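Reader: Could you take me through how the elements of this structure are arranged, setting each value against the definition it rests on?

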Amino acid sequence: MYRYDEIDATLVAERVAQFRDQTRRFLDGKLSEDEFRPLRLRNGLYIQRHAPMLRVAVPYGLLSTRQLRMLAHLARKYDKGYGHFTTRQNIQYNWPELKNVPDMLADLASVEMHAIQTSGNCIRNTTSDHFAGIAPDEIEDPRPYCEIIRQWSTLHPEFSYLPRKFKIAVTGSPVDRAASEVHDIGLHMKRDANGKIGFEVLVGGGLGRMPILGKVIRDFIPREYLLSYLEAILRIYNQEGRRDNIHRARIKVLVKAKGVETFRALVEEEWARIRDDASLLLDDAEVARMQAFFQPPPYEKLAEIDVTANQSPEFLAWYRYNTRAHKVTGYRAVVLSLKAPEVPPGDMTDAQMDAVADLADRVSSGQVRVTHDQNLVLGDVRQIDLIETWQALKALNLATPNIGTLTDMICCPGLDFCSLANASSISIAKQINDRFSDFDYLYDLGHVEIKMSGCMNACGHHHVGNIGILGVDKHGIEWYQITIGGSATGISALGEVIGPSVGKEAVAETIARILDVYVERREDGEEFLQTVRRIGVEPFSERVYGKAH
Amino acid sequence: MAKLIKGRQPASSPWVLAGTEGAVGASHLILPLADYIKAIEAGEPADRRAPLLKAENHDLAPLQSYLGKVPLIAVDFTSTGDGRGFTQARLLRERFSYTGELRAVGKIRADQMFFLARCGFDAFELLDDEDMDTAIAQFDRFSVAYQEGSGNLTHTRRRYGG
């Protein structure tokens with residue numbers, strides 16, 4: 001993985017000193033709350049329902065075990081012993097004290113981490129495929145380019161006061177595992193006819209109040225022009241994006257208002273002027289320098305073995321649902337479920353983090369990946385170590401065999417923590433877990449993704465859930481709007497609302513009825529999403545609301 | 001008198017923004033871009049008139065033929081969060097090769113000094129409640145950067161290309 005050099009280390013240390021000074025000026029009354037807000041936000045610090053919330057960047061979801069131990073240390077020392085992994089592959093702490101935040105940032109800097117630009121109207125953490133570098137279907141490892149983008153976008157003097165936040169996702173496989181089509185910019189690595197690496201460029205995707213999929217504005221940008229092309233897009237957005245209405249300020253609104261063709265023309269015109277700017281040109285040597293940081297670990301030459309013979313049904317279920325194919329024979333990727341029934345989705349304790357770090361050092365490559373659906377991955381586990389890994393994870397309550405099933409839910413912190421939320425999410429996750437506790441039923445249902453947000457801001461990606469749940473507030477009462485048919489994996493699609501919002505107690509029952517329709521109507525081997533696409537929303541609505549809804 | 005920083009020091013200036021207190025009878029006037037062009041075309045003294053770019057002036061082409069004689073360009077930040085002025089500054093410096101004084105005015109804050117200077121501003125009009133020393137200290141907040149920019153950082157290194 002990437003290691004800081006003197007420039008990186010200096011920059012992060014100076015950023016900590018800057019924030020320490022800003023915090024002191026705020027606490028001394030020299031900065032007003034209004035003046036301090038944009039400054040603290042650019043360091044990932046929100047003021048939430050109970051306390052400040054600190055969001056720490058996990059660049060493209062990759063952590064060393066040393067870094068994971070530091071995250072455990074922060075949870076222990078400054079928080080209540082846990083952290084929450086997010087859909088942007090970051091981690092959030094819900095209980096720090098403002099006066100301690102500069103110390104937390106200094107601790108993070110000691111392991112080459114930071115909270116820079118994890119909030120605010122600037123370029124956020126660049127996200128990627130959590131199987132990057134190990135996926136059998138990969139064209140090329142996207143992470144060197146993610147790191148290049150991370151550096152280019154960090155403290156960018158021109159783009160630190162954008163109209164609104166800006167999110168970039170990069171994928172290296174034909175199958176999108178990074179929800180790239182719902183990002184402000186989605187970059188898909190591909191090769192041209194000559195085998196040259198470049199990117200398909202999508203712009204203007206996003207969720208929130210105006211869910212929309214990104215539009216392709218360029219089929220192929222050769223990799224040497226990646227930064228100049230990004231700079232052209234950001235410059236057009238910075239100049240022409242709306243600033244009069246916070247709900248109309250994302251780049252998707254600009255792309256929609258201008259039309260894709262006009263927007264593309266503006267970008268191309270700007271790019272033509274800066275494409276040969278030497279400071280933006282990515283030469284082969286620089287790419288090679290970055291790629292050297294992401295070389296695969298020294299894999300052993302192993303034979304493919306069948307680890308499932310004579311194993312318990314429990315292990316077999318875990319193997320089937322929580323492990324994935326690896327590009328190297330004899331290895332598997334292991335998904336750690338942060339979706340145990342009694343735990344808020346995405347939460348992890350300090351003890352679990354420490355233990356996982358030890359485990360990753362022992363059975364994997366000393367690295368851990370954070371997925372955008374709020375789980376962790378050990379990327380390089382030998383097949384012969386799978387049983388030991390499973391036993392260790394089981395003891396940590398991280399082996400719930402539910403990855404890709406109904407209870408592997410994406411869930412935002414919701415009303416319990418977030419000051420933006422209109423409704424609770426965590427209690428709904430619990431309701432769903434209580435109702436759907438029979439694994440045989442879950443396995444029979446197969447792949448179903450539930451995604452849930454406690455408000456329109458859609459941190460829980462509800463629009464792209466196979467089943468989406470959106471919490472809304474009506475006169476002080478929590479209601480939940482249900483959508484079906486959304487997806488961000490493979491082919492992206494936005495879900496369709498099935499009908500009026502349902503009451504808090506009725507969410508699990510509503511989902512049960514939706515699933516009944518699927519079970520009755522599915523054809524051979526058809527997944528939930530395919531059935532919805534084939535028969536449409538109507539049969540599901542009828543079952544939930546009755547014929548006359 | 002507005003609080004002004006130039007050359008990283010407190011400075012004074014004869015320039016007054018049209019329409020503000022003290023503008024009547026002032027010798028050096030900063031005028032909105034369209035008014036500036038009119039004034040020059042009407043024969044007003046080019047060394048004592050300067051254009052003010054508003055955030056919405058993203059097309060800088062009308063200014064191009066005057067760049068040889070403008071003594072000063074002011075860029076207005078209508079709100080602290082409105083970052084269009086950063087782009088205007090870079091375009092003036094990099095695309096239009098403007099080398100004269102580039103002054104940030106309006107609602108800029110001390111904590112933006114580093115980015116403003118990196119984008120090419122070399123004069124900064126502070127709000128009344130801003131502390132001069134705090135603002136000046138921010139120029140040296142970072143000694144390194146990942147991007148090319150104006151000014152000499154102690155440890156700048158090109159990260160990409162070349």
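**Packing and pairing**

Author: In this predicted model, helix H3 (residues 65–78) of chain A packs with helix H4 (residues 101–109) of chain A at an angle of about 160 degrees, and their axes lie 10 Å apart. Axes are lines fitted to C-alpha atoms, for helices over the stretch in contact, and angles run from 0 to 180 degrees between N-to-C directions; helices (H or I, at least four residues) and strands (E, at least two) are DSSP runs, numbered from the N terminus. Local features need pLDDT of at least 70 and side-chain atom pairs count only at pLDDT 80 or more in this predicted model, while totals for chains, interfaces and linings use all residues. Residues are numbered from 1 along each chain as its sequence is written, and chains are lettered from A and ligands numbered from 1 in the order in which they are written.

Reader: Why are H3(A) and H4(A) called roughly antiparallel?

Author: Angles under 35 degrees count as roughly parallel, over 145 as roughly antiparallel, 65 to 115 as roughly perpendicular and the rest as oblique; the angle here is about 160 degrees, and H3(A) and H4(A) are therefore roughly antiparallel to each other.

Reader: What makes the contact of H3(A) with H4(A), residue by residue?

Author: H3(A) contributes A:Met70, A:His73, A:Leu74 and A:Tyr78, and H4(A) contributes A:Met104, A:Asp107 and A:Leu108, where contact requires C-beta atoms, placed from the backbone, within 7 Å.

Reader: In which sense do S6 and S7 of chain B pair?

Author: Strand S6 (residues 72–77) and strand S7 (residues 101–106) of chain B pair in the parallel sense over six bridges, and two strands pair if DSSP finds at least two bridges between them. B:Phe77 has B:Gly106 in S7(B) as its bridge partner.

How values were computed. Two residues are in contact if their C-beta atoms, placed from the backbone, lie within 7 Å.
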